[in-house]
Amino acid sequence: MSSLAQTIPILLVDDHAMFREGLARSLEKEPDLKVVGQCSSAAEALALLKTGPAMVLLDVDLGAGRALEFVEAANKVGFEGHILVVTAGISGQEAVQLIQSGVSGIIHKHHSVEELCDAIRKVAAGERCLEKEYLSPLFRSVDRTRMSSRPHLTERDRTVLRYIFQGLTNKDIAGRLNISEGAVKASIRQLFEKLGARTRAQLVKIALEQYRDQL
């Protein structure tokens, strides 16, 4: 564990000097962890990326700035290491923004140094580390992304789907809408293409799963 090749070079970014310096002393006791720099601001941290850290331990509130600003700036300059956010707590929304921006994990400061070291090693090995309380906001965000990527249904699409749910035939639907049966068939063909369905049963299943809120 103590060879240079296996050592994880770490940059500490936290505007609370007492916490940062105490953490640095604790991490230096680990044979496979090496603190290569520490600072209190995003600007200082960007300048220190040239020291070659494989991982940045990043506080969220950096006084004049926020963690997300540093993460975005680090991405722009091509930082390829891992960023592990170490925080007293943040909102679900900010957690999702950080995850979407590419951080490898978020861990709370109330954990022991041993647990933090374990998280550092996992993240360095390519794993993710995330406090459970941020999972729900993340899943909700993913669900919203899926919803926003759905094909758009026109008012005609929705109306035809409602009639299909009711079990009406093409002829019945044509009568309700005062259009030709051929026009109904064309609308249903369009729905098949939009939703990736091949049968009416599949169409109903997909519509109920993905468009229940519109019907």
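Trainee: How many bridges join S5 to S6, and how do the two strands run?
Mentor: In this predicted model, local features need pLDDT of at least 70, side-chain atom pairs count only at pLDDT 80 or more, and totals for chains, interfaces and linings use all residues. Residues are numbered from 1 along each chain as its sequence is written, and side-chain values use heavy atoms, without hydrogens and water. Strands are DSSP E runs of at least two residues and helices H or I runs of at least four, numbered from the N terminus; strands pair if DSSP finds at least two bridges between them. S5 and S6 run parallel, and the number of bridges joining them is two.

Trainee: Which hand has the crossover from S5 to S6?
Mentor: The chain passes through helix H5 (residues 113-124) on its way from S5 to S6. A crossover is right-handed if, with the strands pointing away from the viewer, the path from the first strand over the helix to the second runs clockwise. This β-α-β crossover is left-handed.

Trainee: Where is Glu131?
Mentor: Strand S6 covers 129-130 and helix H6 covers 135-148. Glu131 lies in the loop between S6 and H6.

Trainee: What is the nearest side chain of opposite charge to Glu131?
Mentor: Glu131 is buried (under 20% relative accessible area; exposed is over 50%, partly exposed in between; 1.4 Å probe, protein chains only). Glu131 has no salt bridge, meaning a side-chain nitrogen of Lys or Arg within 4 Å of a carboxyl oxygen of Asp or Glu. Lys and Arg count as positive, Asp and Glu as negative, and His and the chain ends are not counted. At 8.6 Å, the nearest is Lys132.

Trainee: Which backbone nitrogen does the Glu131 side chain reach?
Mentor: His108 is buried in S5 (residues 105-108). At 2.8 Å, the side chain of Glu131 reaches the backbone nitrogen of His108.

Technical notes
Polar contact = N/O pair within 3.5 Å; in protein donor to acceptor, adjacent residues only side chain to side chain.
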